[in-house]
Amino acid sequence: RLNGDVPASGYTQAVMATASDTCGNSATCSFTVTVYQPVTIACPSNITTVATGPSGATVFFNVNASGGCSPPPFVTANPPSGSTFAVGTTTVLATASDSCGNSTNCSFTVTVYQQPTIPCPSNITVAATGPGGATVFFTVNASGGCTPPTVVANPPSGSTFPVGTTTVTVTASDTCGNTATCSFTVTVVRLTLTIQPVGNQVQVI
């Protein structure tokens with residue numbers, strides 16, 4: 001193929017060349033032309049996972065590559081699959097190369113987050129402020145999660161709690177479906193007055 005035709009990718013063509021003069025002398029030689037696909041690499045989508053311990057999480061992934069003069073290409077990733085990724089976001093750089101010196105790369109991120117945690121306040125005891133009990137306010141904060149957790153308390157802060165003991169259950173949840181719960185009690189007591197005479201006076205106890 002000496003006319004500029006481009007063979008199909010992955011195709012090897014033997015070329016025979018002949019030189020001759022007008023005296024009938026000639027000489028020949030031959031060689032091959034091999035056309036191969038460029039090296040290509042496909043990284044996975046960004047990965048988000050929950051920590052399995054204080055050091056983070058062990059994460060496995062696959063990086064696919066094709067083409068090159070000696071398929072399949074050699075693929076390396078830094079950090080490699082199976083590494084322990086710390087809490088936070090880490091960028092993974094993957095490279096595919098062949099024996100002819102061709103290479104290409106891609107990258108993706110691995111994000112490791114802590115499970116949601118929710119510490120409830122200590123049990124609360126208050127005096128009734130009326131026949132219905134007492135209005136009680138409290139604060140519950142949550143942390144962790146793949147997104148900032150949403151906190152829901154039942155009964156919620158600012159409710160009127162009746163005389164007696166009520167258990168408050170609090171749930172923190174993120175958008176990845178992870179949840180954490182805690183509970184505490186609110187006890188409302190009714191104060192009683194004892195009146196007793198002391199001489200000509202009345203003493204309130």
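Modeller: Two strands count as paired if DSSP finds at least two bridges between them. Strands (E, at least two residues) and helices (H or I, at least four) are DSSP runs numbered from the N terminus. This is a predicted model, in which local features need pLDDT of at least 70 and side-chain atom pairs count only at pLDDT 80 or more, while totals for chains, interfaces and linings use all residues. Residues are numbered from 1 along each chain as its sequence is written, and side-chain values use heavy atoms, with hydrogens and water left out.

Colleague: Which residue in E16 is the bridge partner of Thr-125?

Modeller: E11 and E16 pair in the parallel sense, over four bridges. Within E16, Thr-125 has as its bridge partner Thr-187.

Colleague: Which strands form the edges of the open sheet of four strands?

Modeller: The strand order is E11-E16-E15-E13, with mixed pairing. An edge strand here pairs on one side only, and the two that do so are strand E11 (124-127) and E13.

Colleague: By how many degrees are neighbouring strands of this sheet turned against each other on average?

Modeller: Axes are lines fitted to C-alpha atoms, for helices over the stretch in contact, and angles run from 0 to 180 degrees between N-to-C directions. For neighbouring strands of this sheet the direction is ignored, and the average is 25 degrees.

Colleague: Is Val-92 buried or exposed?

Modeller: Val-92 lies in strand E9 (residues 88-97). Buried means under 20% relative accessible area, exposed over 50%, and partly exposed in between (1.4 Å probe, protein chains only). Because its relative accessibility is 0%, Val-92 counts as buried.

Colleague: What separates the C-alpha atoms of Val-92 and Thr-109?

Modeller: Contacts (heavy atoms within 4.5 Å) of Val-92 include Cys-106, Ser-107, Phe-108 and Val-110, not counting residues up to four places away in sequence. Thr-109 is 17 residues from Val-92 along the chain, and their C-alpha atoms are separated by 5.8 Å.

Colleague: How many aromatic pairs does the structure hold?

Modeller: Rings of Phe, Tyr and Trp (its six-membered ring) pair if their centres lie within 6.5 Å; planes under 30 degrees apart count as stacked, over 60 as edge-to-face and the rest as tilted. The number of aromatic pairs in the structure is two.

Colleague: What is the angle between the planes of Phe-61 and Phe-108?

Modeller: Phe-61 and Phe-108 form an edge-to-face pair, 5.0 Å centre to centre. They sit 47 residues apart, Phe-61 in the loop between strands E5 (57-59) and E6 (64-66) and Phe-108 in strand E10 (residues 103-113). Both are buried. The angle between their planes is 75 degrees.
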